[in-house]
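Thanks for asking me to look through this one. My notes follow as numbered points, to be read beside the model.

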Amino acid sequence: MSTSPDRLDDLVESMTREEKFRLIRGTVLLEEGRATGYLPSIDRLDLPSLKMVDGPLGVRLDEATAFPASIALGASFDPALATEFGEAIGAETRAKGIDVLLAPGCNLIRVPQCGRNFEYYGEDPYHSGALVSATIEGIQSQGVGATVKHYVANNQEHDRTEVSAAVDSRPLRELYCRPFEAAVDADVGAVMAAYNRINGTYATEHEALLTDVLKDGFGFDGPVMSDWWAVNNGLSAARAGTDLEMPGVGVFELLPTQSERLTPLARLNDRWPDRIPGPEALINAIARRASASRGGFPNVSESKFAGELEDAIETGSFAEGELDAMVRRVLTLHTRVDRSKESDQIHPEEHDVLARTMATRGTVLLENDGVLPLTADTDLAVIGPNVTTAKIGGGGSSEVNPFNTVSPAAGIRNRASGSVTVAQGHPPIDDPSIFSIDIGSRFFGGTESADIRPAIDAARAADVAIVVVQDIATEGRDRQSLALPGDQNQLIQTIAANADRTVVVVQASGPVELPWIESVNATLCSWYPGQEAGSALGKVLFGDADPGGRLPVTFASEGTYPTGGQTSYPGVIGNENVPVAQYDEGVFIGYRWFDDRERSVQFPFGHGLSYAQFEYQSLSLGDGTPPESATVTVSNSADRSGREVIQLYVEPEAPAVDRPPRELAGFTSVEIPANSEHTCTIDLDPRAFAYYDDENGWTIDEGTATVAVARSSRNTQLRAETAIQADDSEDAEPR
Ligand code: BGC
């Protein structure tokens, strides 16, 4: 579609009111094909339809490449890899004839138990911003509109449709809004407004955040679309700046047309009538949830734009010009779509390779006494409740149905030349799915039993036991705790007590507690590694690839996070029966909190080991005050190549306001060949020298700061001091 602003104005001008309404709320897709959301075409005006599909880990439609979870991409600390990933999911979306991807997600990890942490990049706003913008550039390069979500302060799944984040403007601007600001800078097609409230007002009705900050402040010119059934009051939402209501119809209209979802369900219901509800029961269950309204499910009964907003325009209490502005924004999303980029390659082989590369690049080596990398002829016991299944992702709208998968057991078998004995040792851990219908009861814990003895025997006979464990996470619910579910901790302890050497592989959605870490020889965290889980693991274990990941989130014991108290998370019921989560920690989330309070952590933000050996040789800063860049030289003295993530932090000296002791200001992920040196210049984010002030906006005070080059937020290698000059010129606001 032509992107000229005049053409958009002409189009709006020539539309009837009924046509305009068709563009600001979704409807049921009646044509051939499916989508998560759908805007119909207006043939008279040659305006094509807009099909939208989830999601952030791969395309949720039929079969698609199941890439590692976003948190694994976050662990790569590599925006170039994020762009490659964006190009791949963009290409698969286009190949399926879909126009808009409902991805990426970039909420910051505030609550370590949040059920959707695996769909996000981490706990630092600069880091998430760099990755989200790179992903968006990749997606949109394929002629597909990207949708950044969920704006904003959607940091927990518990009560997600009701909870109010009680959060000040400073943390909103310094932390939670920043990845969205980066997405707007990357020209994102659409922004999805979250379910939750912010300071008492639903995100979809929050004029200050939608209109003042996002649109007028950041310069977003596309549509704000609601999360699915997130509009509570149509008129308030439209007035506040929500332009597009999705899915725009009640579930009763939507579901019966999704016969492909219901037919298999009916079949399962025939077979196990006691265990699987039929289609009717499902619809009723959803309706019951809707009326109960608390929890992770919205009120799915109807469209809110249909009634209230239509009436308001009719009576003149909502101006036609306002409606036109909403329509124009939706048309802007159309301009991101380029159907000439159509590709018939739904499953290019390179995407399997990319999924594998991303999985190795996201894997974090937490500890290693030298047992890794393994030599090829090591005799192995490969143990774990789900060791014969690839851990694709978590539950919810990000679920992907892959063409092929490689389980940990298969991947290790393919690579090893010694003996490999596989044993479960523990009943399988559930892989929850909100599409598994039996909402609620199957989520947390398997019921099968598994004999541990074959696992112990295998561990005793092997040179090294590899134990693969996992957590359970899904949209709509938070994890109950940071402990591994079931008796997996006990399994690890038992194997470690019986094996000569033990390596643990943790497949996790976010931080987990690792109480056995001192009893084992090495621990890897591979997050949710996707369809190539096993092949990537084989590569990392045997040293074909260096574990390239660093923690994008602090690992600590549960009660020590800033959200350790109930008022802070999950919140307590306040006025009018609204649950309120107090963001009392302000700008101190993640490592900012642990550093400020000098609390110990299990593994700090940015931590991760390599098989190579790096030494930091020099650090010099650019001439500016503050400097715009830092130049770092790192050498690798090992006889093998390795990947290092070079991290820069800014530490303000005697700041005028309370500020975190250090904040990430730049990073790069580099492969450094054996016995060689690498010099790179890394841009410094000017925001790291600034803080947000309600009156003056982003503010840089005169003073001094230290720029630290580090291997984690708690492992500084070199420091350099810099003078900072206050910038009070007209365009002072650092972007
Ligand atoms: C999720 C969104 C998703 C939408 C459509 C919602 O429940 O929060 O992330 O895009 O459903 O599936």
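1. A word on terms first: a residue is called buried under 20% relative accessible area, exposed over 50% and partly exposed in between, with a 1.4 Å probe and protein chains only. Helices (H or I, at least four residues) and strands (E, at least two) are DSSP runs, numbered from the N terminus. Please keep in mind that this is a predicted model: local features need pLDDT of at least 70, side-chain atom pairs count only at pLDDT 80 or more, and totals for chains, interfaces and linings use all residues. Residues are numbered from 1 along each chain as its sequence is written, and side-chain values use heavy atoms, with hydrogens and water left out.

2. Overall form. The protein has 20 helices and 26 strands. Its radius of gyration (taken over C-alpha atoms) is 25 Å, which agrees with the value near 27 Å for a compact globule of 735 residues, the rule being 2.2 Å times the number of residues to the power 0.38. Along the principal axes, the C-alpha atoms fill a box of roughly 80 × 70 × 55 Å. Of the 735 residues, 63% count as buried. Contact here means heavy atoms within 4.5 Å; among contacts between residues at least 6 apart in sequence, 77% join residues at least 24 apart.

3. Strand S19. Seven of the eight residues of strand S19 (residues 629-636) are buried, so this strand is largely enclosed by the rest of the structure. Two strands pair if DSSP finds at least two bridges between them. S18 and S19 run antiparallel and are joined by seven bridges, with asparagine 636 in S19 as the bridge partner of phenylalanine 614. S19 also pairs with strand S22 (residues 676-683), again in the antiparallel sense, over eight bridges. There, alanine 630 stands opposite isoleucine 682 in S22.

4. An open sheet. Five strands line up in the order S8-S7-S5-S17-S16, with mixed pairing. Strand S8 (201-202) and strand S16 (572-573) stand at the edges with a single partner strand each, so one side of each is left without a neighbour in the sheet. S16 runs antiparallel to strand S17 (residues 579-582), and two bridges join them. Valine 580 in S17 is the bridge partner of valine 572.

5. Aromatic pairs. Rings of Phe, Tyr and Trp (its six-membered ring) pair if their centres lie within 6.5 Å; planes under 30 degrees apart count as stacked, over 60 as edge-to-face and the rest as tilted. The count by this rule comes to 12 aromatic pairs. In one of them, phenylalanine 67 and phenylalanine 85 have ring centres 5.2 Å apart and planes at 75°, so the pair is edge-to-face. This pair links distant parts of the chain, 18 residues apart: phenylalanine 67 is in the loop between strand S2 (50-53) and helix H3 (70-76), and phenylalanine 85 is in helix H4 (residues 79-95). Both phenylalanine 67 and phenylalanine 85 are buried.

6. A pair across the sequence. Phenylalanine 77 and phenylalanine 605 are also edge-to-face, at 5.9 Å centre to centre with 65° between the planes. Phenylalanine 77 is in the loop between H3 and H4, while phenylalanine 605 is in the loop between helix H20 (591-596) and strand S18 (614-621), 528 residues apart. Both phenylalanine 77 and phenylalanine 605 are buried. One aromatic cluster takes in Phe77, Tyr126, Tyr591, Phe605, Tyr649 and Phe667.

7. Arginine 170. Not counting residues up to four places away in sequence, arginine 170 touches Leu175, Val587, Val657, Asp658, Arg659, Tyr691 and Tyr692.

8. Backbone points to check by eye. Most residues other than glycine have a negative phi, and most peptide bonds are trans. A cis peptide bond joins alanine 103 and proline 104, with omega about 0°; another cis bond joins tyrosine 151 and valine 152, also with omega about 0°. Valine 152 is found in the loop between strand S4 (145-151) and strand S5 (164-166). Alanine 654 has a positive phi, near 45°, and counts as exposed at 74% relative accessibility. Alanine 654 belongs to the loop between strand S20 (642-652) and strand S21 (663-672).
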